[in-house]
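Dear colleague,

I am handing over a structure that you have not seen before, and my notes on it follow directly below. Please read them with the sequence and the model side by side.

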Amino acid sequence: MAKKGNRVIITLECTDCKSRNYVTYKNKRNDAGRMELDKYCKRCKKHSSHKETK
């Protein structure tokens with residue numbers, strides 16, 4: 001089984017309605033800053049920007 005190494009679990013929060021919709025992994029070595037992705041928000045019913053939370 002492979003070792004995860006520098007990978008950590010992060011939570012993505014919608015910037016419009018502040019709901020925490022997604023949980024994903026990221027590599028801290030490659031992405032040192034906070035991630036921001038365009039994802040679909042079920043609560044807003046549209047694509048919006050989702051930022052990484054603590």
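**What was found**

Of the 54 residues of the protein chain, 26% count as buried, where buried means under 20% relative accessible area with a 1.4 Å probe and protein chains only. Please keep in mind that this is a predicted model, in which local features need pLDDT of at least 70 and side-chain atom pairs count only at pLDDT 80 or more, while totals for chains, interfaces and linings use all residues. Residues are numbered from 1 along each chain as its sequence is written, and side-chain values use heavy atoms, with hydrogens and water left out.

The protein chain holds zero helices and four strands, a helix being a DSSP run of H or I with at least four residues and a strand a run of E with at least two, numbered from the N terminus. The four strands form an open sheet with antiparallel pairing, in the order β2-β1-β4-β3, and two strands count as paired if DSSP finds at least two bridges between them. At the edges are β2 (20–27) and β3 (36–41), each of which pairs on one side only. Strand β1 (residues 7–14) runs antiparallel to β2 and is joined to it by seven bridges; Ile10, for instance, has Thr24 in β2 as its bridge partner.

As for overall dimensions, the C-alpha trace of the protein chain spans about 40 × 25 × 15 Å along its principal axes.

With kind regards

How values were computed: Buried means under 20% relative accessible area, exposed over 50%, partly exposed in between (1.4 Å probe, protein chains only).
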